Amino acid sequence: MGFLWDNHSVILDAFGEGLILSGWAALFALVVGTLLAVMRVSPVPPLRWTGTAYVAVLRNTPLVLCFMVFTSAIPHLGFTAEPLTWAIWALSAYTAAFVCEAVRAGIMSVPRGQAEAARAVGMTFGQSMRLVILPQALRAAVPPLGNTMIAMWKNSTVAAGFGVAEGAGALHDLLNEHADKIWTLFVGIAAGYMVVVFAISAVFRLIERTWRYA
Amino acid sequence: MNDTGFLYDAPGPRARRRILAASVLTGLALAAVAVWIVVRLNDRGQFVTDLWEPFNDPSVWSTIGQGLGNTLKAAALAIVFAIAFGAVLAAGRLSDHAPVRWVANLVVEVFRAIPLLIMMIALFAAFPATLGPLWSVVIALTVYNGSLLSEVFRAGVNGVPSGQREAAFALGLRKTQVLTLVLLPQAVRTMLPVIISQCVVTLKDTALGRIVTYQELLLVGSTIEVTYQNYVPTTIVLAAIYVSLNMSVSGLAQLAQRWLSRARKSAPPASITVAEPGA
């Protein structure tokens with residue numbers, strides 16, 4: 001315990017960095033993933049194909065490869081950014097595919113009568129999506145989205161290998177100097193990750209409860 | 001599942017014109033993006049033969065082959081052990097004895113909440129000589145995927161209609177017999193596609209092994225990039241290999257799904273999904 005306290009600033013900074021990374025990635029992934037889901041159910045075939053292709057490719061790509069694209073390939077095309085920025089791009093691009101799947105499953109779970117009724121009162125596709133389908137679909141998608149966000153938080157550790165000093169990076173670096181403290185470090189940092197995991201799952205349970213049909 | 005037609009009416013003449021216009025616009029936008037990417041790659045000299053030259057060298061391909069072999073080896077070992085570990089955990093969670101259930105549930109909750117990478121780093125740091133990179137990767141993947149699979153197994157067994165279990169008990173079968181002779185054979189039908197898609201997740205997760213210096217495909221690729229300074233071409237080659245490999249395994253999962261749902265006339269019980277994307 002004393003050892004963890006001595007290094008608490010390193011560890012807390014690392015978790016802060018991880019939370020910044022995951023926070024931005026969560027925002028972008030949720031927005032892009034929802035747009036992709038709408039594309040995949042739209043009446044315009046090329047939009048549908050684009051959405052389907054994106055999900056098919058990204059779901060079959062390891063996150064590490066996704067990071068390599070953003071940290072070693074794209075910088076050689078003349079784009080520059082901080083490692084944290086690239087990590088946010090990589091994690092968002094990857095997670096968006098899973099958000100899309102969760103939202104699409106939510107859309108499919110909306111009773112078809114809802115869409116038919118929306119059309120019967122003269123709504124366009126955009127209106128029926130925005131006002132009728134998505135509000136219900138997102139509600140149904142809350143539990144799977146919670147799982148996606150938890151997985152994303154755990155996946156943010158991959159950034160440690162690509163120049164972002166977050167939790168796994170802190171573990172790795174501290175072990176280089178204090179190999180004998182391995183179990184203290186492991187338990188401390190693993191517990192830190194678990195706390196955030198349980199916090200995310202509590203938040204999503206709360207959202208699920210407050211959004212339930214009245 | 002894939003039929004989203006209920007979201008809009010069959011288009012009339014005006015809607016058809018609008019859809020056509022939107023399709024053309026999307027097509028143009030996509031083409032513009034594709035052209036921009038190609039132009040950008042060309043401007044930066046990424047199509048110069050020098051950068052692609054290493055891929056004419058058989059020794060580069062044999063290195064890639066070794067990396068791919070290591071990836072497949074770790075994934076195969078991890079899947080086999082994870083299925084065994086998951087089965088044990090699932091048996092524990094389905095047990096009639098409450099303490100056994102608690103322990104199994106606790107193990108699953110803990111291992112699901114710890115990032116894989118943290119487990120790999122810790123295992124490798126704690127037992128560098130005994131485990132080495134390969135077994136650090138395999139053990140971490142085993143406990144993590146085993147915990148996920150135990151949930152699949154449990155849901156699969158619980159998903160078998162309860163009449164089956166009751167009928168088996170009424171015939172005088174024992175607990176273990178009910179499970180192995182009646183419930184499991186039926187549960188496998190719903191579980192197999194999920195198990196196969198979990199193989200894809202494992203295949204992807206072996207790439208995390210680079211942090212403990214496991215020489216898997218992507219780490220080998222990183223070395224090639226640095227040696228030949230051909231970052232973009234190598235990334236393209238690696239992506240092509242990895243994505244096509246995973247897509248074939250995913251395709252296998254879909255085939256299994258279709259084959260199993262055709263195997264019996266009755267609709268299979270609601271399919272189970274693992275909602276964890278993995279890395």
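This is a predicted model: local features need pLDDT of at least 70, side-chain atom pairs count only at pLDDT 80 or more; totals for chains, interfaces and linings use all residues.
**View 1**
Gln229(B) sits in the loop that links helix 9 to helix 10 (231-263) of chain B. Most residues other than glycine have a negative phi.

**View 2. Thr213(B), in the loop between helix 8 and helix 9 of chain B.**
Helix 8 spans 175-205 and helix 9 spans 217-228. Thr213(B) is not a glycine, yet its phi is positive, at about 60°. Buried or exposed, given the C-beta neighbours of Thr213(B)? Thr213(B) counts as exposed, because it has 12 C-beta neighbours inside 10 Å.

**View 3. The crossing of helix 3 and helix 4 of chain B.**
Helix 3 covers residues 58-93 and helix 4 covers residues 98-113. Their axes come within 7 Å and cross at roughly 135°. The two helices are therefore oblique to each other. The crossing is left-handed. Helix 3 of chain B contributes Leu89(B), Gly92(B) and Arg93(B) to the contact. From helix 4 of chain B come Val100(B), Arg101(B), Val103(B), Ala104(B), Asn105(B), Val107(B) and Val108(B). By class, this contact has 6 nonpolar, 2 polar and 2 charged residues.

**View 4. Buried residues of helix 8 of chain A.**
Which residues of helix 8 of chain A are buried? They are Gly167(A), Ala168(A), Gly169(A), Ala170(A), Leu171(A), His172(A) and Leu174(A). Within chain A, the buried residues of helix 8 pack against helix 2 (8-41) and helix 9. They also pack against helix 5 (116-126) of chain B.

**View 5. The side of chain A that touches chain B.**
Here 50 residues of chain A are in contact with 48 residues of chain B. Elements of chain A that give two or more residues to this side are helix 3 (45-59), helix 4 (63-73), helix 5 (83-108), helix 6 (112-120), helix 7 (125-155), helix 8 (167-177) and helix 9 (182-211). Which element of chain A gives the largest share? Helix 7 of chain A does, with 8 residues. By class, the side of chain A that touches chain B has 35 nonpolar, 12 polar and 3 charged residues.

How values were computed. Residues are numbered from 1 along each chain as its sequence is written. Chains are lettered from A and ligands numbered from 1 in the order in which they are written. Two residues are in contact if their C-beta atoms, placed from the backbone, lie within 7 Å. Helices (H or I, at least four residues) and strands (E, at least two) are DSSP runs, numbered from the N terminus. Ala, Val, Leu, Ile, Met, Phe, Trp, Tyr, Cys and Pro count as nonpolar, Asp, Glu, Lys and Arg as charged, and the others, Gly among them, as polar. Axes are lines fitted to C-alpha atoms, for helices over the stretch in contact, and angles run from 0 to 180 degrees between N-to-C directions. Angles under 35 degrees count as roughly parallel, over 145 as roughly antiparallel, 65 to 115 as roughly perpendicular and the rest as oblique. A crossing is left-handed if the near helix is turned anticlockwise from the far one by less than a right angle, and right-handed if clockwise. A residue is buried if 20 or more other C-beta atoms lie within 10 Å of its own, exposed if 12 or fewer, and partly exposed in between; C-beta atoms are placed from the backbone.
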